[in-house]
Amino acid sequence: MKHTILYLFVATALLSACGEDLENKNFTISDEVPAATYLKENGYTEWVNLLEYTDLYNTMNLSVGDYTLFIPENEAVTSYLEENGYSSVSDIDPDYAKLLVKYHTIAGNQYSKIDFSNDVLPDTTATGDRLTVTFDDNGDYWVNNESMITHFDIEASNATIFVIDKMLTPVTEYIYDRFSDEEYSDWTIFKQVIDATGLASLIQQPVSGKAASYTMFVVPDDVYRANGISELTELADLLGAGQDKSAWTDSDNAMYRYAAYHLLSSSYSTNDFIQVDTFSVSSTVYTLETLADAAYLEFQDINGTFYINYDSDADAGAHFVSGETNILCKNGMIHAVDDPLYIKAPSSTPSVTWELTDYSVLSTEISNYRISSLLSPYTEDLSDLKEKYGDDFCYNWASYTGSRNPVSYYVGTSNDSIGAKFKNSDALEINLGQYGYIEMQSPTILADEVDSTTYAVGVSYYHDSDVSQSGLMTIYIDDVKVGTFYSRGGTNGDCDEWVVVPKGNKDYSKSKNMIGTITFATTQKHILKIEDNKGSDVKLDYILFYPQ
């Protein structure tokens with residue numbers, strides 16, 4: 001990919017607005033004029049009309065821009081107008097016209113054909129949505145399975161352009177809406193599970209604010225029937241959930257836990273589940289906590305076959321249903337599976353990578369939450385949210401500094417030198433002053449309740465100072481001191497280098513960000529406290545708990 005770091009104020013203002021409101025084909029190299037000018041000079045008149053109508057023409061010509069553009073051919077635009085009863089682009093509602101332009105635009109990064117991996121693109125569009133680019137057996141490339149790419153890698157001075165043969169339809173359906181789609185009419189039993197447990201409220205369009213993102217694993221009706229389940233009462237008997245339907249909304253009930261086990265916080269595509277191990281024919285096991293408390297799903301590729309919850313004794317596991325994966329929704333993604341996917345204990349104690357920004361209140365309250373396609377880094381002071389939510393807010397802190405924003409949410413662009421190194425491009429930024437502190441609740445961490453479980457604890461961070469070891473912090477968990485560490489200036493290599501992952505032989509050669517160890521006797525959530533012993537400005541990415 002082509003990368004450009006953008007800090008120019010006027011570009012930030014224009015394109016932040018854009019982002020918030022906002023091998024058999026021809027390869028063309030432009031004369032390096034900006035994108036909108038290139039489109040006008042080369043006959044893409046209908047899309048240029050739309051850019052001018054939405055007042056985004058000049059925005060697309062910014063000399064410091066960095067875009068990937070999917071531009072419909074003239075015939076594609078005119079077909080769209082005819083199908084919707086418009087005589088020209090000026091008949092389209094102005095707000096929806098802007099939505100159309102922004103949905104076809106990825107700001108902050110330039111892709112080339114070689115970057116497409118038959119999956120979901122990592123960066124979001126200027127509307128905050130994700131796109132899929134897939135290819136078929138004929139070698140044709142498709143965007144969202146509805147529009148074919150006809151020209152690749154047209155280079156403008158501020159963008160890479162791909163020409164498509166049909167207008168893209170912006171995703172407006174939420175996860176729950178998909179149950180009503182005729183295309184997915186065989187999801188009726190699982191819909192009843194979601195309705196009966198009250199989890200529908202999580203995946204529906206919110207009454208107000210931004211929706212949190214989820215990944216849902218749907219079990220089709222024919223899979224249930226193949227396992228002797230044709231109605232909800234039979235599933236309840238099998239799970240031991242009882243027949244009192246009012247009890248199914250209790251988070252401890254087996255029916256609720258079963259439903260929640262099919263939901264992950266955040267949006268994951270199929271490629272996101274593969275953790276590559278270059279020294280083996282199999283990928284490493286990737287373990288993710290579900291919405292069912294202390295219940296995990298495991299993902300692994302073994303000899304080219306992808307499994308969910310692989311059972312080595314039976315040499316079997318669940319698989320994705322062909323053609324029903326990476327189903328894009330406004331609030332996440334859906335994958336259909338070929339197994340009822342009952343709750344299964346993980347094959348080994350999983351490590352926990354706890355992103356310190358992974359809280360639903362942030363995803364619903366912050367408009368730019370994890371949107372990496374902004375043109376410049378974005379920071380939002382969290383003091384107002386703390387005041388709004390009081391004791392229910394995800395963070396509690398005490399600050400001893402003159403800074404007006406001691407705790408902030410930070411999201412970088414996908415190609416800047418800082419944001420690209422964070423998981424989901426975001427971090428928790430603290431400037432608490434000497435002996436200031438911040439507290440938050442962890443996800444559930446497993447423990448062997450007979451022998452206890454000891455975890456190594458590491459931290460991933462970025463320190464804004466370029467002075468070596470200029471920050472000093474102490475980590476406490478449940479008021480137990482884990483250790484003290486210096487936060488060195490800048491990064492300590494790539495993200496994988498920042499946090500130690502001890503090897504089987506307990507080789508701690510990469511232990512520069514190892515804080516210490518802690519032993520847990522019970523499976524539960526914990527309270528993390530980070531104390532700033534020196535006063536510094538640090539971006540905290542995640543805490544790693546690695547079982548010993």
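Me: What makes the largest cavity a cavity, and what is its volume?
Reply: The largest cavity has a volume of about 40 Å³. On a 1 Å grid over the protein atoms alone, a cavity is a set of points where a 1.4 Å probe fits but cannot get out. Grid points are joined across faces, edges and corners, and the volume is the space filled by probe spheres set on the points. This is a predicted model: local features need pLDDT of at least 70, side-chain atom pairs count only at pLDDT 80 or more, and totals for chains, interfaces and linings use all residues. Residues are numbered from 1 along each chain as its sequence is written, and side-chain values use heavy atoms, with hydrogens and water left out.

Me: Which residues line the largest cavity?
Reply: Ala35, Ala36, Leu39, Trp47, Leu51, Met60, Leu69, Ile71 and Thr105 do. A lining residue has an atom within 4 Å of a point. Helix 2 (35–41), helix 3 (45–53) and strand 2 (67–72) each give two or more residues to this lining. Helix 2 provides the largest share, 3 residues. Helices (H or I, at least four residues) and strands (E, at least two) are DSSP runs, numbered from the N terminus.

Me: How does the lining of the largest cavity divide by class?
Reply: It has 8 nonpolar, 1 polar and no charged residues. Ala, Val, Leu, Ile, Met, Phe, Trp, Tyr, Cys and Pro count as nonpolar; Asp, Glu, Lys and Arg count as charged; the others, Gly among them, are polar.

Me: What makes a pocket, and what is the volume of the second largest pocket?
Reply: A pocket is an open set with protein on both sides within 12 Å along at least five of seven lines. The second largest pocket has a volume of about 830 Å³. It is lined by 28 residues, and the closest to its centre are Thr132, Asn145, Thr325, Asn326 and Ile327. Strand 5 (132–135) and strand 15 (327–329) are the elements that give two or more residues to the lining. By class, this lining has 10 nonpolar, 13 polar and 5 charged residues.

Me: Why is valine 143 called buried?
Reply: Its relative accessible area is 0%. Buried means under 20% relative accessible area, exposed over 50%, and partly exposed in between (1.4 Å probe, protein chains only). Valine 143 is therefore buried. The residue is found in strand 6 (residues 141–143).

Me: Which residues are in contact with valine 143?
Reply: Phe70, Leu131, Thr132, Val133, Ile149, Ile164 and Leu168 are, leaving aside neighbours within four places in sequence. Contact means heavy atoms within 4.5 Å.

Me: Why does threonine 124 count as buried?
Reply: Its relative accessibility is 8%, so threonine 124 counts as buried. The residue lies in the loop between strand 4 (119–120) and strand 5. Its contacts include Ile106, Asp129, Arg130 and Ile371.

Me: What makes a nonpolar core, and how many residues has the largest?
Reply: A nonpolar core is a set of buried Ala, Val, Leu, Ile, Met, Phe, Trp, Tyr and Cys residues joined through side-chain atoms within 4.5 Å. The largest has 51 residues, and Phe217, Phe299 and Ile308 have the most contacts inside it. Helix 10 (residues 254–260) gives the largest share, 5 residues. Phenylalanine 299 touches, among others, Phe217, Leu264, Phe273 and Ile308. A second, separate core of 46 residues includes Leu362, Ile371, Leu385 and Phe520. In soluble globular proteins, nonpolar side chains tend to be buried together.

Me: How do you know that arginine 178 and glutamate 173 meet in a salt bridge?
Reply: Their side chains are 2.9 Å apart, N to O. A salt bridge needs a side-chain nitrogen of Lys or Arg within 4 Å of a carboxyl oxygen of Asp or Glu. Arginine 178 is buried at 13% relative accessibility, whereas glutamate 173 is partly exposed at 25%. Glu173, Arg178 and Asp181 are linked in a network of salt bridges. The structure holds 11 salt bridges.

Me: What makes the pair of lysine 344 and glutamate 298 a salt bridge?
Reply: The N to O distance is 3.9 Å. The pair links distant parts of the chain, 46 residues apart. Lysine 344 counts as partly exposed at 24%, and glutamate 298 as buried at 5%.
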